[in-house]
Protein chains: 2
Amino acid sequence: MGEALQGLKRTKMCGELREEHIGQIITVMGWVQRKRNLGGLEFVDLRDRTGILQVVFGDEINSEAFQKADTIRSEYCIAVTGEIVRRESPNSNMSTGMVELKANTLKIFSESETPPIYIKENLDAAENIRLKYRYLDLRRPDMQKIYMIRHKAAKAIRDYLDKNGFLEVETPMLTKSTPEGARDYIVPSRNYPGMFYALPQSPQLLKQLLMVSGFDRYFQIVKCFRDEDLRANRQPEFTQVDLEMSFVEADDVIALNEGLIAHVFKEVLGVEVKLPIKRMPFKEAMEKYGSDKPDLRFGMEITDLTEVVKTSDFKVFADAIGNSGSVRALCLKGGASLGRKDIDRLGEFVKTFKAKGLAWIQLKEGEVKSPIAKFLKEEELQGIINTMNAETGDLILIVADKNSVVFQSLGQLRLDLAKKFELIKDKNEFNFTWITEFPLLEYDEEEGRYFAAHHPFTMPMDEDIQYLDSDPGRVRAKAYDLVLNGEELGGGSIRIHDTKLQEKMLEVLGFTQESAWESFGFLLEAFKFGPPPHGGLAFGLDRMIMFLAGTDNIKDVIAFPKNQNAFCYLTQAPNVVDEKQLDDLRIGVIKKED
Amino acid sequence: MGEALQGLKRTKMCGELREEHIGQIITVMGWVQRKRNLGGLEFVDLRDRTGILQVVFGDEINSEAFQKADTIRSEYCIAVTGEIVRRESPNSNMSTGMVELKANTLKIFSESETPPIYIKENLDAAENIRLKYRYLDLRRPDMQKIYMIRHKAAKAIRDYLDKNGFLEVETPMLTKSTPEGARDYIVPSRNYPGMFYALPQSPQLLKQLLMVSGFDRYFQIVKCFRDEDLRANRQPEFTQVDLEMSFVEADDVIALNEGLIAHVFKEVLGVEVKLPIKRMPFKEAMEKYGSDKPDLRFGMEITDLTEVVKTSDFKVFADAIGNSGSVRALCLKGGASLGRKDIDRLGEFVKTFKAKGLAWIQLKEGEVKSPIAKFLKEEELQGIINTMNAETGDLILIVADKNSVVFQSLGQLRLDLAKKFELIKDKNEFNFTWITEFPLLEYDEEEGRYFAAHHPFTMPMDEDIQYLDSDPGRVRAKAYDLVLNGEELGGGSIRIHDTKLQEKMLEVLGFTQESAWESFGFLLEAFKFGPPPHGGLAFGLDRMIMFLAGTDNIKDVIAFPKNQNAFCYLTQAPNVVDEKQLDDLRIGVIKKED
């Protein structure tokens, strides 16, 4: 065993020492970043959460400490007491670079084997090794910085909401499985064999009940769960900033949350978010950017060419328009210089989004080059160029298909081109937009029925309620998403607070009166007792931290994350459990037959 | 459907209106507490989270609003706009009692059926009804006050820990089942059929790993889970204030947490907790109060009579002492007036704690009455009376048995007597004590082995490490519990941070080298890489809120609690799930054979 503290107190953190401390006798505790022998002295870079301090051991400073220092190696955990002195050769790259610690005593708390990963910034190591030795990965200063940001952001969120009259109320983790969401994680009950709790996908219904209770303003920073196949940047458990307000309309919720976001970005990064944040209806976002979370840090909007080519004989265009699709295009400035191979690659790219092909027109100096020119009338070709505002040197990229394919393929192509041609000039820009007027329902061809685009508790827009029966796809919702640099930061809505309207909504989703009450009875019942108008929003905290910390890997912002198979390399979870545990729960594991 | 807001803004909360607002035109929104017709006017008590405001509707104030007010009933959710005026007959029982609102317009957001429970303070309704209609139960002002306290307490905790350099770090809910704890809730994995996650009983190991990572000071307010048969005031999921510090000894952890508790009680209740909080070793607590969580709001300490009666011929005493037990007693002041039946009831009470009987001596005026007097020598009887400092009018209650029975039965009897005879004078007293020097291990007769008294990661006291092999029961731990008014508020310890010592500890608990590494390998491995000395503590937040809110029912402080069978009356969780969900997880429910 190493040495014990035995009453020794740390008096300073490594990273805080400056010239003003010169002459002070201090004690610091931390880890050996590196050790060098130079001119008969031992130099140790000592690291704690706040930074690095140079410590000098010398025979003439303190002979005993000097000899003991000979035994220490990287990542030993130690304490050093001594005097802060001016450094002979200052290091301007270190915040403590003007001073060093002359070591009088050394305590070795514990030794370290050679770590399997380097304890340094910008580490390039295999992910499974980083995750297995997560405690060493988290020792790296750039990782620790992320958790300081995360702490600070959560604190700023709570401070702001507290100041604005919100109460943080905890809702249960062991709750009821509800339909219409993603797949639930379930937890077998011991008292009721054959019955299960579900881990919450969000506290949606319970926070609405808190509004019925008159809590007025609720929030919670809370774990939520989805047992889905994990795409990149998804985790089985994630953290939401969840809030709900009574006696509000969409504008009130939006204004409150703009203030929240501005407060967080100011507190954590010192960045001023200009308010109010601009808004864009869903329809415009789809038509201009092919996405309900448009990246507005660059232009290159999608342009509709349907009108220009509506009488064209070109079969590809005519077929798309005939099938109530459209013909739309992007104009890539300077794209006329692209070679055939590069353009073919773009064609392959849009095919991954089900587009049948990518037509193109290059405006080279004194020449228009296009494989489809021969199918178009001269005035059609000129009409396209004019509508696109294309100039010499540009490249027009056209997709003709049904609208969903046109939007998705051109929307994705737009993002792909922005990356390839570095269209985003300011890497530090935070471009916020609210997307509004979402469709309430989405039709699922496979299942042959409507699904709630947001969730089944979202209020339709007043003027569209009349279409709930006759034309459900046309109904817009009182819903709003906050989009930042092309990512959804959060979303919410005004909720239904009327039993009849809620029943009607569930009916459109295919519920019978009976199945609606079976699944959501406690909500429908609650609405009989004077529910207030209410609405709210939930932010994805993990994603927010990714923005604040400047990382695009969600695993960086979660202290103990899981891999894509929801496996934890560190603890080896999930794992087998005792037979007795399964017996207690009266469940058995079914071996796969095939 | 009721009326919509349509741009109407709430400008005031009901409870904030005072004489200074007279003459202002305001809008309030809330629920109808009650309505009375008096002298041709309609009086409505309107309630929101902040309190109640009297609203007056009159034909001469506004005829339209007056007629509309005729339709409203209790718990309708409404908005009223009008002028604040001085009340003709002020009501000093209401904080808003000097003013009332003259209603110009009325909006009815939603109607209410007659609620199944009264929306009032100090409700006496059946618990299952309260839990089924929890959203109405939570509408009661005394319940809402609890959640304001809970919010405020959590905020105060976070503010204090933030100011003291703690980072809040979230640890996973889907983690690994570990032995040596209570029964885990488990979650089947879809990706790895036959494997399970466990919901955490505490983030113990992960917070220790964060110390290995150099996070220095960690905390989290976090849900924890135990699948145990629920005693009163236990819930399957509960909330911990969990914290851990590096480079500290027990005194440092204690001092930090005293500051935390003082801050919380000051912020929430305005109560000054006198620091430092007194400390008492476990042994003293057991000997004086028969409990490791003594209630120190009253005296009546247990007194050891073993020495006085060690040569007694009285078989009951001699047997107890012979079997290395003891003879101990309480002295109830004024208890000489108790009748035989009352004393017999005390005898029955101690028998529920396995005591074979309760001997007693009544010091009546001029007479000593005792059924055991005849078995005692005169000097023994007098010795008992003298040792107990008993005076005329007192009652001495004696238990002779093995020590564990003596302590438990007299400790419980002491609490029972305090309740019966109202020995606790100041109901508002908060009497804090640290209990220290706990035994590290407890021997389980049934299992025939030692268990960790706190948990297997607790550091033994330096001077006792030598007995780990030879006399494990003698080893004391660097552990400390904070006790308030006879309840455990929190507990913690300095941890082992050495692979060898941790392995030794697990060996004492019956682990082989192999099974120790299988269960705790990632911790043992982590200790190879320069672990710092560290320790921490966890408070039960639910219990803390019970104290702050002055309730002795844990269900009052949890918004959506479960009953004793871990069942939620509101959502009907746990419940059946789709067969498909079980198929996906490849688990089956085993029907009970018997």
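Buried area is the accessible area, found with a 1.4 Å probe, that two parts lose on being put together, summed over both. Between chain B and chain A, the buried area is about 11400 Å², and carbon and sulfur atoms give 60% of that.

Before I go on, a word on what we are looking at. This is a predicted model, in which local features need pLDDT of at least 70 and side-chain atom pairs count only at pLDDT 80 or more, while totals for chains, interfaces and linings use all residues. Residues are numbered from 1 along each chain as its sequence is written, chains are lettered from A and ligands numbered from 1 in the order in which they are written, and side-chain values use heavy atoms, with hydrogens and water left out.

Let's stay with the interface. How many residues does each chain bring to the contact? Chain A gives 125 residues and chain B gives 125 residues, where contact means heavy atoms within 4.5 Å.

Now the charged pairs. Side chains of opposite charge can pair when their charged atoms come close. The rule for a salt bridge asks for a side-chain nitrogen of Lys or Arg within 4 Å of a carboxyl oxygen of Asp or Glu. Across the interface of chain B and chain A, that rule finds 16 salt bridges. One of them joins B:Arg150 to A:Glu170, with the closest N and O atoms 2.8 Å apart.

Which element of chain B gives the most to the side that touches chain A? That is helix H4 of chain B, residues 141-163, with nine residues. Helices here are DSSP runs of H or I with at least four residues, strands are runs of E with at least two, and both are numbered from the N terminus. By class, this side of chain B has 64 nonpolar, 26 polar and 35 charged residues. For those classes, Ala, Val, Leu, Ile, Met, Phe, Trp, Tyr, Cys and Pro count as nonpolar, Asp, Glu, Lys and Arg as charged, and the others, Gly among them, as polar.

The chains also meet through strands. Strand E23 of chain A and strand E23 of chain B, residues 587-589 in each, run antiparallel and are joined by three bridges. Two strands pair if DSSP finds at least two bridges between them. Within this pairing, A:Val589 stands opposite B:Ile587.

Buried means under 20% relative accessible area, exposed means over 50%, and partly exposed lies in between, using a 1.4 Å probe and protein chains only. Both faces of E9(A) are covered, with A:Phe219 and A:Ile221 among the buried residues on one side and A:Tyr218 and A:Val222 among those on the other.

Strand E6 of chain A, residues 167-168, pairs with E9(A) in the parallel sense over two bridges, and A:Leu167 stands opposite A:Tyr218. Strand E10 of chain A, residues 237-246, pairs with E9(A) in the antiparallel sense over nine bridges, and there A:Cys224 stands opposite A:Phe238.

A:Asp242 forms one with A:Lys207, the closest N and O atoms being 2.7 Å apart. A:Asp242 lies in strand E10 and A:Lys207 in helix H5 of chain A, residues 204-212, so the pair ties together parts that are 35 residues apart in sequence. A:Asp242 is buried at 1% relative accessible area, and A:Lys207 is also buried, at 1%.

Over in chain B, the side chains of B:Arg130 and B:Asp556 meet in a salt bridge at 3.4 Å, N to O. This pair links distant parts of the chain, 426 residues apart: B:Arg130 is in helix H2, and B:Asp556 is in the loop between helix H15 (541-549) and helix H16 (579-585). Both residues are buried.

B:Lys132 is in helix H2 as well, which covers residues 127-132 of chain B. At 42% relative accessibility, B:Lys132 counts as partly exposed. B:Lys132 and B:Cys568 are 436 residues apart in sequence but 7.9 Å apart in space, C-alpha to C-alpha.
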